[in-house]
Structures are given as C-alpha cells and as structure tokens.
Amino acid sequence: TAAHAAERVVVLDVRGPHKPHLEAALAGAIGKVRGAITLNPLAGALPDEPGEEEVSRVASQLDAAAVVIARVGRGKKPLVVVQVYNGADASILATVGWKAAKPKDFKAVPKAKLKPFLAAIRAAKAPPKAAPAPAAEVAPKAPPIPPAAAVKAEPIPTAPPEVTQPAPTEP
C-alpha cells in the first residue's frame, strides 16, 4: 500500500556465510509488507556489533521505520539470528533465529519465523521528524534617520574654547 511504501526498512548489516542469499531472503520477506528497502547503506563502516547509537543514526538519516541486522554463525548447521529494531526509538521489536542445515535455508525466512518477523516490520515506526529550525531572530530595526532638512543644525564654534588656568599660588 502507499502508506507502507513511505516507510523504509533498512537491512543495515548482514554478516556471515551465505550473506547474499540471506539478504535476498530478508528483502523478499520485507517486500511483502513494506515497499522501500535499503540494503547495507553503511557497508564496512559499522562496528562488529552495531548498537542503539548506530541504529538511531541510520533510522534518522534514512527515515527508516525498521532497521534489520542479521548474523550467521559458522559450522555444519549455523544459527541465523535476525533482529528487527524500531526506527523511532531503536528498541528491539523481534529477534528470530533458525538453524540453517542446507544452503536453501538461507534463501527464505522459514514460515514458522516469518510471522513474528513480519509482525515486527509492520509494528515499526519511523523516527519523529525533526522540528524545523527556528527562524533566526531578527534584530530590531534601528529608527530611521531623519532627512537632513528635519535636523536642526547647531552652529559650529569657530574659536577654540577658553582655557582658564588656575592662578599661581605664592609659596
């Protein structure tokens, strides 16, 4: 819907094996409920574990309703963990995880995990719009300068003022 298209979801960071497949799976699932998706806008510029500060910054910069971070463990049956953060306050709305026994397990979010994942994406709210900067205070205008004809001219003295010196005192 048009309302959903206006609220962006950012897949901020996906790390681990099968990253392209997992990114595609997340984007496909998110596309069912939100229209605008941004993948890895800060690729390589994030700490190993992005926190609330990074989520808040990205959500504000990109006007994102939700920010998604995913990790894939190592091993024969790696654990996939996906967290959905609320763009408004960087709180975690959902954490879903599943064991990926086969490569196809990275190509789609499992049906059992899809419902809570999509519910969190739907519940996410974009950060509040920053209030417009207040207009610069305007200094009060100086009173207008009266026209020359309206100014009463005082005569300019031509002689220097008299200087009086004290009378010498006798010792």
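I started at V14, which stands opposite A70 in strand 3. This is a predicted model, so I took local features only at pLDDT of at least 70 and side-chain atom pairs only at pLDDT 80 or more, while totals for chains, interfaces and linings use all residues. Residues are numbered from 1 along each chain as its sequence is written, and side-chain values use heavy atoms, with hydrogens and water left out.

I looked up the pairing next: strand 1 and strand 3 (residues 64-72) run in the parallel sense over seven bridges. Strands here are DSSP runs of E with at least two residues, helices are runs of H or I with at least four, and both are numbered from the N terminus. Two strands pair if DSSP finds at least two bridges between them.

Strand 1 also pairs with strand 2 (residues 37-39), again in the parallel sense, over three bridges. There I found V9 opposite I37.

Is strand 1 enclosed or open? I noted that six of the eight residues of strand 1 (residues 8-15) are buried, so it is largely enclosed by the rest of the structure. Buried means under 20% relative accessible area, exposed over 50%, and partly exposed in between (1.4 Å probe, protein chains only).

**Helix 2 against helix 4**

I checked which residues touch: L26, A29 and I30 in helix 2 meet L114, F117, L118 and I121 in helix 4. Contact means heavy atoms within 4.5 Å. By class, I get seven nonpolar, no polar and no charged residues. Ala, Val, Leu, Ile, Met, Phe, Trp, Tyr, Cys and Pro count as nonpolar, Asp, Glu, Lys and Arg as charged, and the others, Gly among them, as polar.

**N86**

I found N86 in strand 4 (residues 79-86), buried at a relative accessible area of 9%. A polar atom of the N86 side chain lies 2.7 Å from the backbone nitrogen of K125. Leaving aside neighbours within four places in sequence, I listed A65, S91, L93, A124 and K125 as the contacts of N86.

**Two positive phi values**

Most residues other than glycine have a negative phi, and I went looking for exceptions. Phi of D63 is near 50°; D63 sits in the loop between helix 3 (52-62) and strand 3 and is partly exposed at 26% relative accessibility. Phi of A90 is near 65°. I placed A90 in the loop between strand 4 and strand 5 (92-99), where A90 counts as buried at 5% relative accessibility.

Methods: Polar contact = N/O pair within 3.5 Å; in protein donor to acceptor, adjacent residues only side chain to side chain.
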